[in-house]
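Hello,

Here is the structure you were waiting for.

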Amino acid sequence: MTIEATLKNNIRQAIQECFQTSVEEIILQPTKKEFEGFYTFVTFPLTKPLRRSPVEIGETIGTYLTGNSSVVSSYNVVQGFLNISLSNSTWLDLLQKISTDPAFGTFPANGQSVMVEFSSPNTNKPLHLGHLRNNFLGSSVARILAANGYEVVKTCLVNDRGVHICKSMLAYRELGGHETPETAGLKGDHLAGKYYVEFDREYKRQINELVAQGMGEEEAAKKAPWILEAHQLLLKWEQGDAETVALWRKMNGWVYEGFNQTYDKIGVHFDKTYYESDTYLLGKDIIDEGLKQGVFYKKEDGSVWIDLTEEGLDQKLVLRGDGTSVYITQDLGTTELKYQDFHNDRYIWVVGNEQDYHFNVLFAILKRLGRSYAEGCYHLSYGMVDLPTGKMKSREGTVVDADDLIREMYETAENRTRELGKIEDFNGEEARQLYHTLALGALKYYLLKVDPKKRMLFNPEESIDFQGHTGPFIQYTYARVRSILRKAEQSGIQAQVPADYAAVHPAEQEVIFYLSLYPARVKAAGEEFAPSIISLYAFELAKVYNQFYAELSIFADPDPQAVQLRVALSAAVAETIRHAMGLLGIEVPEKM
């Protein structure tokens, strides 16, 4: 049983014995910094049923606890707030349990499985900054859910077909000659992206030409030769035209090689990848099933619809009159396929908030169809990422490319680290590995520390500050602690908790208290699908440890038990930071 659970039981007993009243729910909160104590129990809600003042209730419960609870040392009452301090033995027991629990911060298997689908790139352009937020969110949520006892399957649905893919193919066919990633000196995804930009440039030129000849702009956009040819190319692909399919395979192959290099660089991997080219025809059988059930209805033109006004949505097209599918049809089929493949209890889609309506419709249809997995479907909606220069666009080629950003972060990490003189005893390979670790740590942490639902502004310079609310600050704290532990090992000092340590210092208490919060934070992050909870926790723990380090000497204290306790405390902090940052997909350096 945790300290908090024990304390809640003790308070429940106090109320029962002192006031002959039973209270089921006891809520504790951390004590405010300006008051003495670690846990606060608010007595205001008890004033009416107990017919006592808040202060009297607090004093009565506090007196009972100091006389009857082994975990409480003292208390103070401020109006209706009972602030509770913990006993010396409680702090030692707590640190001992944390230090000796190899599974601290993880929960046993809960028998539930969950699929997390994320990334979902298009094969007409490289990954960009928005994709990075998506990838880091999906990967981190998967790790957090695994720590909460779920069996996790990570999947990716690649958008590898459609008119947008044909735009790159057309531009390459007309302008590319025999260019390859090798001859161009570009990653394959960058080469495809180059021709997507070329298409847009030529398409705009053609529109302007038609407008100059007197055609309306809207009509020109539909009748420009290249947009007509791109649609023709899609038809040829759907008909299996050998030349078109060969070009599609070649260019997508280049793109996948490029994607895989980026995924390896950022430490993201999938258990299963689905391709839209394999799934876009799925779902039509589900439409037939729904028509028979009366879930869908057919209009005179043969198109099939569903009326979702009861759910607060509107009427939604699910199949065109010519029998071709729309996105929702494909998603119905793909979701069914994923269920048949894995039979998960829950399904999570990590997709930007511009698709909120689409997922509301998808989930509503699945429920109407009576799908057993419908209740377990969840859209992890997240806000867009902006830079100080504004919103990203890929057609004009002004997108913030993921590879370029990672390279810039690496260079910034190198410059900052050299300025601060943190690599004086590193060889070349060690230094390069450190820059990579810091660059990715800064990038991942900055994108994950913000609540997923919020739109955010990414500031590369700010993200790599060693002193702020950043990944490198936490990484540097970890490296400092590891240095302390190496010194302790060289001095023959064991990281163990002395059973009879006389008085745990307030600064030590603060660190132990923050350590004890970790399992609850992991649980909350899993329930809310919010890596930002873990991000903030890691920062708070690093900050509290640095305050402890500034206030107390670890090795110069004349009491050998104090030295032992502080080394044990440091070891627990290092392991908890390593685990927390691991849930974010961030590595921590052993030295800096």
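Glu-590 and Arg-482 join their side chains in a salt bridge, 2.7 Å from N to O. A salt bridge here means a side-chain nitrogen of Lys or Arg within 4 Å of a carboxyl oxygen of Asp or Glu. This pair links distant parts of the chain, 108 residues apart: Glu-590 sits in the segment after helix 23 (560-583), Arg-482 in helix 19 (residues 471-490). Helices (H or I, at least four residues) and strands (E, at least two) are DSSP runs, numbered from the N terminus. Glu-590 is partly exposed at 38% relative accessible area, and Arg-482 is partly exposed at 24%. (Buried is under 20%, exposed over 50%, partly exposed in between; 1.4 Å probe, protein chains only.)

Mind the source. This is a predicted model: local features need pLDDT of at least 70, side-chain atom pairs count only at pLDDT 80 or more, and totals for chains, interfaces and linings use all residues. Residues are numbered from 1 along each chain as its sequence is written, and side-chain values use heavy atoms, with hydrogens and water left out.

Next pair: Arg-368 and Glu-311 form a salt bridge at 2.8 Å, N to O. Arg-368 lies in helix 15 (residues 356-368) and Glu-311 in the loop between strand 9 (304-307) and strand 10 (315-319), so the bridge ties together parts 57 residues apart in sequence. Arg-368 is partly exposed at 29%; Glu-311 is partly exposed at 36%.

Glu-56 and Arg-52 also pair, at 3.1 Å, N to O.

Lys-187, Asp-189, Lys-265 and Asp-403 are linked in a network of salt bridges. The total count is 30 salt bridges.

Best wishes
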